[in-house]
Amino acid sequence: MSNNKSNQEWEIEKVLIDNPMYSSLAAYFNTKAPQGRLGRVKFTDTDSVVICVMGYGKARLYLDVHVEKNGAINTMVFDFRDIFDKYITKTKEIVKEHGEDYEEFVFKVLRQANFDPKNVCLFSNYKGGIEDDEEKYPAFGISLVGYTNPKFNTFTPWAGVLDEVLNALDAVNGFVDKDKKNRLTKKDVDAAAIKFPVKGWIMIGLGYAAIVGGLALVIFNRSWPAFLRWIVAIILILLGSFFGPMIHLSVHSDKKNYYNNSGDLLKKFHRAEHKMFPTVKE
C-alpha cells in the first residue's frame with residue numbers, strides 16, 4: 001500500500017472526510033482497530049478505494065472499501081487470505097495462489113454471516129489493491145446500499161458489516177468465549193467517530209489563553225499606553241474567542257449531533273444509493 005498522495009488526492013479526501021460515514025471509518029482504523037491502519041489505493045473525482053487493515057489474532061484482515069465521491073461507503077470487499085494461511089493451512093511459506101479450499105472457506109464465512117442477498121456481491125477473480133500483489137482471488141463484498149444495523153450508530157453502518165463478518169470468522173474458525181478474535185465494540189467505534197485531534201485541543205487551549213491574556217493586559221499592564229493595551233487586548237480576545245469557546249462549542253455540538261443523529265452531521269451524512277457492483281439478488 002502506498003501512502004503518498006498528490007495535492008489533488010488530498011483535496012478529494014477532504015470531501016470524503018466531510019461525510020461522517022467515511023471519517024468515522026478512517027478514524028476507527030487509524031486509532032481504535034487492533035493493529036489497524038488505512039492505506040490509499042485510489043482517489044478520483046468519481047470514486048475512491050482505500051485498504052483497511054486490522055489484526056485478527058495472529059493474522060490480519062484486509063478489506064477494500066469502495067467510496068463514492070461524497071464520502072458514502074458503497075461496498076466493502078473482504079480479503080481473508082492471511083487468516084486462511086495462518087489458521088487453516090498453517091503454512092509458513094508465502095502462498096502465491098489460493099485454490100478451491102480457500103474458495104470454500106470464503107463461502108463458509110459468507111454463509112455463517114447470513115447477509116441479505118440484496119447486499120452480497122460475489123467475485124470469482126477479485127484483484128485487490130495491495131501493492132505488488134498480483135493474485136486474483138475469490139471474495140465477497142457487502143453493499144451498504146439499503147444496509148442498516150441497529151447495533152451501531154446511523155453514521156457507522158460499516159461497523160455493522162465488519163462486526164458481522166468478524167463474528168462469522170470466529171464461528172467458522174471455532175473461536176468462542178475468551179478465544180474470540182472479534183474485538184470490535186460500539187464504544188470504540190463511537191469514541192473514534194467523535195474523537196477530536198490533539199492539535200485541535202491545543203488550539204482551543206491557546207484560544208482560552210489568548211482571552212485570559214487580553215483581559216490581563218487591560219487589568220494589570222500599566223506600562224503600555226491605554227489605547228495600545230485596548231487594541232491588543234481586543235485582538236487577543238476576538239482571536240481567542242474564535243479558537244477557544246467557539247471551536248469548543250462546535251466540538252460539543254458535534255458529539256451531541258452524533259449521538260442524536262441530527263444537526264450539521266446529519267446534513268453532511270450521505271448514504272450509498274447506487275450499487276457499484278451487482279448483488280446476488282439482482
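Trainee: Let's start with Ser 6. Where does Ser 6 sit?

Mentor: Ser 6 falls in the segment before α1, which spans 7-18. Keep in mind that this is a predicted model.

Trainee: Is Ser 6 buried, partly exposed or exposed?

Mentor: Look at relative accessibility: buried means under 20%, exposed over 50%, and partly exposed in between. Ser 6 comes out at 34%, so Ser 6 counts as partly exposed.

Trainee: And which residue is 37 positions from Ser 6 in sequence but 9.5 Å away in space?

Mentor: That's Phe 43, with the distance taken from C-alpha to C-alpha.

Trainee: Okay, zooming out. How many helices and strands does the protein chain have?

Mentor: Nine helices and six strands. Of the 282 residues in the chain, 44% are buried. Take contacts between residues at least 6 apart in sequence: 61% of them join residues at least 24 apart.

Trainee: How do I read salt bridges?

Mentor: Side chains of opposite charge can pair when their charged atoms come close. A search of the whole structure here turns up twelve salt bridges. Among them, Asp 79 pairs with Arg 81, the closest N and O atoms being 2.9 Å apart. Arg 81 also has a salt bridge to Asp 133, at 2.5 Å from N to O.

Trainee: Why would I care where Arg 81 and Asp 133 sit in the chain?

Mentor: Arg 81 belongs to helix α3 (residues 81-89) and Asp 133 to the loop between β5 (120-127) and β6 (136-143), so their pairing ties together parts that are 52 residues apart in sequence.

Trainee: Are those residues buried or exposed?

Mentor: Asp 79 and Arg 81 are both buried, and Asp 133 is buried too. Glu 104 is partly exposed, with a relative accessible area of 36%, while Arg 111 counts as exposed at 51%. Back to Arg 81: salt bridges that share partners join Asp 79, Arg 81, Asp 133 and Glu 135 into one network.

Trainee: What about cysteines? How many disulfides does the structure hold?

Mentor: A disulfide is a covalent bond between the sulfur atoms of two cysteines. This structure holds zero disulfides. As for individual cysteines, Cys 52 is buried at 0% relative accessibility, and Cys 121 is buried with a relative accessible area of 1%.

Trainee: Now a residue in a helix. What surrounds Tyr 258?

Mentor: Tyr 258 lies in helix α8, residues 226-260. With a relative accessible area of 2%, Tyr 258 is buried. Leaving out residues up to four places away in sequence, Tyr 258 touches Asn 153, Phe 155, Thr 156, Val 189, Asp 190, Ala 193, Ile 194 and Leu 265. The side chains of Tyr 258 and Asp 190 make a polar contact at 2.5 Å. Asn 153 is 105 residues from Tyr 258 along the chain, yet their C-alpha atoms are separated by 8.1 Å.

Trainee: Which residues make the nonpolar surface patch?

Mentor: Trp 224, Phe 227, Leu 228, Ile 231, Ile 235 and Leu 239 make a patch of about 580 Å². Leu 228 is found in helix α8 and is partly exposed, with a relative accessible area of 34%.

Definitions and conventions: Residues are numbered from 1 along each chain as its sequence is written. This is a predicted model: local features need pLDDT of at least 70, side-chain atom pairs count only at pLDDT 80 or more; totals for chains, interfaces and linings use all residues. Side-chain values use heavy atoms; hydrogens and water are left out. Helices (H or I, at least four residues) and strands (E, at least two) are DSSP runs, numbered from the N terminus. Buried means under 20% relative accessible area, exposed over 50%, partly exposed in between (1.4 Å probe, protein chains only). Contact means heavy atoms within 4.5 Å. A polar contact is a pair of N or O atoms within 3.5 Å; within protein, one must be able to donate a hydrogen and the other to accept it, and residues adjacent in sequence count only if both atoms are side-chain atoms. A disulfide is a pair of cysteine sulfur atoms within 2.5 Å. Patches are made of residues with over 30% relative accessible area and no salt bridge: like charges are joined within 9 Å, nonpolar side chains (Val, Leu, Ile, Met, Phe, Trp, Tyr) within 5 Å. Accessible areas come from the Shrake-Rupley method with a 1.4 Å probe; for residues, only the protein chains shown count as cover. A salt bridge is a side-chain nitrogen of Lys or Arg within 4 Å of a carboxyl oxygen of Asp or Glu.
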